[in-house]
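Trainee: I would like to learn how to read a ligand site and a domain interface. Where do we begin?
Mentor: With the model in view, and then one feature at a time.

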Amino acid sequence: MTLELLDAGSAWAGHRRYATRGLVRPASHAELADVVTSGEPVRVLGSRHSFNDLADSPGVLVSLDALVGEPVIDEARRTVTVDGAMRYGELAAFLHAHGWALHAMASLPHISVAGAIATATHGSGDTVTNLAGAVVGLDLLTADGRLHTLGTGDGDLAGAVVSLGALGVVTSVTMRIEPTYDVAQVVWEGLGWDVLTAEFDTLSSSATSVSVFTTWRDDVAGAVWQKHRTDAAPARDLADLSVRRATTPHHPIPGVDAAACTQQLGVPGPWHDRLPHFRLEFTPSAGAELQSEYLLPREHLPAAITALRSLADDLRRLVLVTEVRTVAADELWLSSAYGRDTVGLHFTWVQDVPAVEALLPRLEAALDGLDARPHWGKLFAADAATLAARYSRWDDARALIRRYDPDGVFANPYLQRVGLR
Ligand SMILES: Cc1cc2nc3c(=O)[nH]c(=O)nc-3n(C[C@H](O)[C@H](O)[C@H](O)COP(=O)(O)OP(=O)(O)OC[C@H]3O[C@@H](n4cnc5c(N)ncnc54)[C@H](O)[C@@H]3O)c2cc1C
């Protein structure tokens with residue numbers, strides 16, 4: 001390989017350096033093809049927002065940042081085709097400027113399109129699928145130098161979208177779009193635990209996209225964030241559920257300045273300026289942090305809350321904030337919402353790796369029996385056998401990975417540990 005080997009540096013949160021030999025940044029698709037066919041193990045690095053060793057490689061990491069051009073909108077088909085390394089925030093601004101929108105955004109717009117769909121990254125909403133749910137096509141460069149174009153008529157697409165980077169390099173992604181729309185965001189404070197568990201369906205269906213934030217206090221569960229499309233019937237007023245409408249902007253983490261957050265207080269604005277919690281030009285969340293998330297069949301939410309409250313002392317010690325969100329079912333084999341309407345229990349942790357890693361097995365044991373699927377890009381303890389039992393298309397996914405990457409060029413210790421290689 002003739003490309004300059006750069007220092008790969010650290011994950012976004014700064015808690016782990018990539019163990020790879022180095023990072024290359026091809027300036028053309030021909031140079032990219034040289035990298036993947038060199039015979040050395042390769043992984044693509046997206047925007048570095050995953051918290052575990054998923055993106056790492058025993059060989060080299062490749063950044064596609066120099067291969068991002070302008071997205072192409074097909075108005076007749078209502079799709080956009082975008083280079084894999086483009087960040088959602090930049091894509092969203094482009095789409096909005098041309099009168100178009102995506103159906104969903106994650107909590108932050110900083111992540112790359114290919115990196116986010118590879119892990120089933122999601123936002124929130126009873127009828128809103130994760131970001132990968134919009135994908136109708138992919139261009140995939142495999143280690144033999146072939147470019148595979150997968151579309152909706154192709155039986156492999158459902159296994160190739162949430163790929164964990166295991167099949168090859170996703171050079172471009174085609175996604176469904178819709179006419180642009182506005183969203184208004186309102187925060188409600190003082191949510192009680194009894195209301196959260198008894199009225200969760202009322203809360204989660206009360207707006208287009210709903211999040212509940214908690215810090216596991218005994219006296220109060222926390223806050224409800226409603227993000228609602230202004231072209232839909234009005235959001236449900238929650239005042240009868242003993243919550244108060246906030247009169248000042250909030251950050252998800254109590255006590256943190258809300259300057260990094262998108263506009264609240266019910267002021268309508270473009271979808272991409274409201275659906276993410278955080279603004280592209282600011283550091284999202286806390287920065288120095290860790291994250292975990294478990295995605296369960298949504299009917300298990302009350303049982304999960306009861307189980308986790310039994311760990312409240314530990315959670316209060318390590319949690320900056322927990323977020324509860326819903327995700328609509330999809331058909332993507334390794335998606336955390338595959339085949340079931342889902343509720344996600346997310347943890348933003350203080351950046352204490354040993355303490356968080358010590359708690360995760362106990363936390364996962366507390367959720368035992370609730371069919372929890374860990375977020376692929378966050379910290380978890382579940383082993384290969386546990387994961388395999390939670391995905392009905394697991395064996396098909398393994399076979400697909402072996403077919404597209406028979407020599408394991410895109411394999412790494414993470415994929416071996418979770419049993420996909
Ligand atoms: C502050 C913060 C907030 C977050 N909020 C959310 C949230 O709201 N919802 C949620 O679900 N998750 C959330 N996450 C997790 C994050 O969305 C995922 O970890 C996501 O996968 C990160 O995307 P990335 O571009 O940084 O990819 P990376 O972490 O760099 O890589 C992730 C995977 O994608 C692969 N990959 C990247 N690009 C390509 C490509 N072109 N071809 C093939 N494989 C590729 C990598 O090899 C790796 O396997 C958050 C993370 C942070 C740090």
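**Ligand site and domain interface**

Mentor: The ligand has 36 residues around it, and the closest are Val44, Ser47, His49, Ser50 and Ser112. Keep in mind that this is a predicted model.

Trainee: How far does a backbone N or O atom of Val44 lie from an oxygen atom of the ligand?

Mentor: For a polar contact, look for a pair of N or O atoms within 3.5 Å. In Val44 a backbone N or O atom lies 2.6 Å from a ligand oxygen. Gly46 also places a backbone N or O atom 2.8 Å from an oxygen of the ligand, and for Leu164 the corresponding distance is 3.3 Å.

Trainee: Into which domains is the protein divided?

Mentor: Domain 1 covers 68-179 and domain 2 covers 182-385. Their centres, taken over C-alpha atoms, are 24 Å apart.

Trainee: How many residues of each domain are in contact with the other?

Mentor: Contacts are counted between heavy atoms within 4.5 Å. Here 39 residues of domain 1 touch 36 residues of domain 2. The two domains bury about 2900 Å² between them, with 62% of that area on carbon and sulfur atoms. On the domain 1 side, His122, Ser124 and Asp126 supply 23% of the area buried against domain 2, more than any other three residues.

Trainee: How many salt bridges are there between domain 1 and domain 2?

Mentor: A salt bridge needs a side-chain nitrogen of Lys or Arg within 4 Å of a carboxyl oxygen of Asp or Glu. The count between the domains is two. Separately, take Glu178 and Arg229 as a worked pair: they form a salt bridge whose closest N and O atoms are 3.0 Å apart.

Trainee: Which elements give two or more residues to the side of domain 1 that touches domain 2?

Mentor: They are α2 (88-97), β6 (100-101) and α4 (157-160). Of the elements, α2 gives the most, with six residues. By class, this side of domain 1 has 18 nonpolar, 17 polar and four charged residues.

Key
Residues are numbered from 1 along each chain as its sequence is written. This is a predicted model: local features need pLDDT of at least 70, side-chain atom pairs count only at pLDDT 80 or more; totals for chains, interfaces and linings use all residues. Side-chain values use heavy atoms; hydrogens and water are left out. Domain bounds come from an automatic or database domain assignment. Buried area is the accessible area (1.4 Å probe) that two parts lose on being put together, summed over both. Helices (H or I, at least four residues) and strands (E, at least two) are DSSP runs, numbered from the N terminus. Ala, Val, Leu, Ile, Met, Phe, Trp, Tyr, Cys and Pro count as nonpolar, Asp, Glu, Lys and Arg as charged, and the others, Gly among them, as polar. A residue is near a molecule or strand if one of its heavy atoms lies within 4 Å of it. A polar contact is a pair of N or O atoms within 3.5 Å; within protein, one must be able to donate a hydrogen and the other to accept it, and residues adjacent in sequence count only if both atoms are side-chain atoms.
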